[in-house]
Amino acid sequence: MGELALKHFTSQGVRQVVIVNRTMEKAEKLAGQVSGRAEPLSELGRLLGDADILISSTSARDFILRVEDVEKAVAIRKGRPLFMVDIAVPRDIDPKIDRLDGVFLYDIDDLAGIVEANVQERKKAALAMEPLIAAQITKFSEWLQTLGVVPGHYCFEEKSPCRTG
């Protein structure tokens, strides 16, 4: 999941990527795929001071980010917002972090709600288009019927040359 998110962000023009992982080997491998920089997990708290977006997707059994870690970063960010997306199950980021000023935390449940809202909007748009599509089908069908009365054209119903006169 983290790799997919990373590939999406870089394909959309994200220029600076820092990969933090429990093993440097894995961080370096992933960073190499996107011309990013690898850092050890022990540096995560310090790196939050410069980050704009954090995507977290580990298989850790407990939070890897706690309120006190992020409070230190918020203090040096001088009001710059920090967006965090926790796509791990179980969660990587303590939900209490969302209460901090300037920090916006989203998790899998939030993303599922956003996807559902987008699906509903698309359904509304599709319903609004149905009358327009029906009108164009009628118009096309009427035009198609005129082909049978023009000499030299093919009659679609009979699959043979049209008879004239």
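A residue is buried when its relative accessible area is under 20%, exposed when over 50%, and partly exposed in between (1.4 Å probe, protein chains only). Keep that in mind for Val 70, which has a relative accessible area of 0% and so counts as buried. The model here is predicted: local features need pLDDT of at least 70, side-chain atom pairs count only at pLDDT 80 or more, and totals for chains, interfaces and linings use all residues. Residues are numbered from 1 along each chain as its sequence is written, and side-chain values use heavy atoms, with hydrogens and water left out.

Start with the whole chain. It holds 5 helices and 7 strands. Helices (H or I, at least four residues) and strands (E, at least two) are DSSP runs, numbered from the N terminus. Along the sequence they come in the pattern α-β-α-β-α-β-α-β-β-α-β-β. The chain has 165 residues, and 24% of them count as buried.

Three strands form an open sheet in the order β3-β4-β5, and the pairing is parallel. Its edge strands are β3 and β5, each pairing on one side only. From one strand to the next, the twist averages 15 degrees. Axes for such angles are lines fitted to C-alpha atoms, for helices over the stretch in contact, and angles run from 0 to 180 degrees between N-to-C directions. Two strands pair if DSSP finds at least two bridges between them.

Strand β4 covers residues 82-86. Of its 5 residues, 4 are buried, so β4 is largely enclosed by the rest of the structure. Strand β3 (residues 53-56) joins β4 through 4 bridges. One of the pairs is Leu 54 with Met 84. From β3 the chain crosses through helix α4 (residues 67-77) to β4, and this β-α-β crossover is right-handed. Right-handed means that, with the strands pointing away from the viewer, the path from the first strand over the helix to the second runs clockwise. Strand β5 (residues 103-107) pairs with β4 over 5 bridges. Here Leu 82 is partnered with Val 103, and Phe 83 with Phe 104.

Contact means heavy atoms within 4.5 Å. Leaving aside neighbours within four places in sequence, Val 70 is in contact with residues including Leu 82, Met 84 and Val 103. Val 70 and Gly 45 are 25 residues apart in sequence, yet 6.9 Å apart in space, C-alpha to C-alpha. Across the chain, residues 24 or more positions apart account for 49% of the contacts with a separation of 6 or more.

Finish at Ser 56, in strand β3. Is Ser 56 buried or exposed? Its relative accessibility is 5%, so Ser 56 counts as buried. Beyond residues up to four places away in sequence, Ser 56 touches Val 85 and Asp 86, among others. The side chains of Ser 56 and Asp 92 are joined by a polar contact of 2.7 Å. A polar contact is a pair of N or O atoms within 3.5 Å; within protein, one must be able to donate a hydrogen and the other to accept it, and residues adjacent in sequence count only if both atoms are side-chain atoms.
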